[in-house]
Amino acid sequence: MTEQPQPTDQPTRTAIVTGAARGIGAAIARRFAQDGYAVAVLDLDESACAATVDAITADGGRALAVGVDVSDEAAANAAVERVAAELGAPTILVNNAGIIRDNMLFKMTVDDWDAVMGVHLRGSFLMTRAAQKYMTEAKWGRIINLSSTSALGNRGQANYSAAKAGLQGFTKTLAIELGKFGVTANAIAPGFIATDMTRATAERMGITFDQFLEGAAKEIPVQRVGLPEDIAATASFLARDEAGFVSGQVIYVAGGPTD
Ligand code: NAI
């Protein structure tokens, strides 16, 4: 006989989503609110988080806007402390904040390299280090890092692909170190997702966003580009209790196989 999950009366969980003012992060924040979590919406500019926070509160959810540069050690620590004080101990963390500084290697500047490493790798490290204490104390936690299909290599993205591959190693090590505290760590590696980030790539390529989307869809087995909600659905699964035996994995969400 299979056991049915039992309803629990545990207190509301608090989730932190970085880079949640827009795009994939905003979709994850909204989905988490629907899943019943209190959601801390983190982004560089606190006022830019208002749209995400308002959408959540309009639906009856609880959300807090926090301005933070995740690559700044003091700011990352302070942001996590503020979330704990104002929303509750964060036991779910999504390291989603990201930037691109694409260029062919011979034209890539040290600033292009450092900026990308700073947000993706240093930022994820700082946020995770600050938040893990609440997870280990609770003997429960979920860490979800945003990797990318670019981790497998992508022209013009030496910095970004190195950072996204680095996040996969980071994720696996977190899974090994934190598993005994009931904390899982997984990475989601999206393929092409229609957001401002991919819109900026189209602009740089000198084509319209629609042309870019159409061209990308033809190359994808399911014949469409991804939406932020596709990634939010995957994050929603990974954050659940029932995903507790899934850890240290990289889940490619790309509309088809990646190798
Ligand atoms: P986006 O550019 O639309 O949103 C990223 C958000 O991160 C922005 O609101 C930005 O202000 C914030 N952010 C940037 N630097 C920050 C910092 N230092 N501290 C705090 N917040 C910061 O990007 P999108 O497309 O929503 O991407 C989200 C994540 O998914 C990124 O990690 C990206 O690399 C990853 N990804 C995106 C794909 C796509 O096709 N859009 C594909 C694969 C991965």
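Predicted model: local features only at pLDDT ≥ 70, side-chain atom pairs only at ≥ 80, totals over all residues.
Residues are numbered from 1 along each chain as its sequence is written, and side-chain values use heavy atoms, without hydrogens and water. Local features need pLDDT of at least 70, side-chain atom pairs count only at pLDDT 80 or more, and totals for chains, interfaces and linings use all residues.

**Stop 1: the aromatic pairs.** Rings of Phe, Tyr and Trp (its six-membered ring) pair if their centres lie within 6.5 Å; planes under 30 degrees apart are stacked, over 60 edge-to-face, the rest tilted. The count is two aromatic pairs. Select Phe32 and Tyr37: edge-to-face, 5.4 Å centre to centre, 80° between the planes. Both Phe32 and Tyr37 are buried (under 20% relative accessible area; exposed is over 50%, partly exposed in between; 1.4 Å probe, protein chains only).

Next, select Phe192 and Phe212. This pair is edge-to-face, at 5.0 Å centre to centre and 65° between the planes. Phe192 sits in the loop between β6 (183-190) and α6 (196-205), Phe212 in helix α7 (residues 209-219), so the pair ties together parts 20 residues apart in sequence. Helices (H or I, at least four residues) and strands (E, at least two) are DSSP runs, numbered from the N terminus. Phe192 is buried at 18% relative accessibility; Phe212 is buried at 14%.

**Stop 2: helix α7.** Colour Phe209, Phe212, Leu213, Ala216 and Ala217, the buried residues of α7. They pack against α6 (contact: heavy atoms within 4.5 Å). On the other side of α7, Asp210, Glu214 and Lys218 are exposed.

**Stop 3: a charge over a ring.** Select Arg13 and Trp140. Arg13 lies over the face of Trp140, 3.5 Å from the ring centre (NZ of Lys or CZ of Arg within 6 Å of the ring centre and within 35 degrees of the ring normal).
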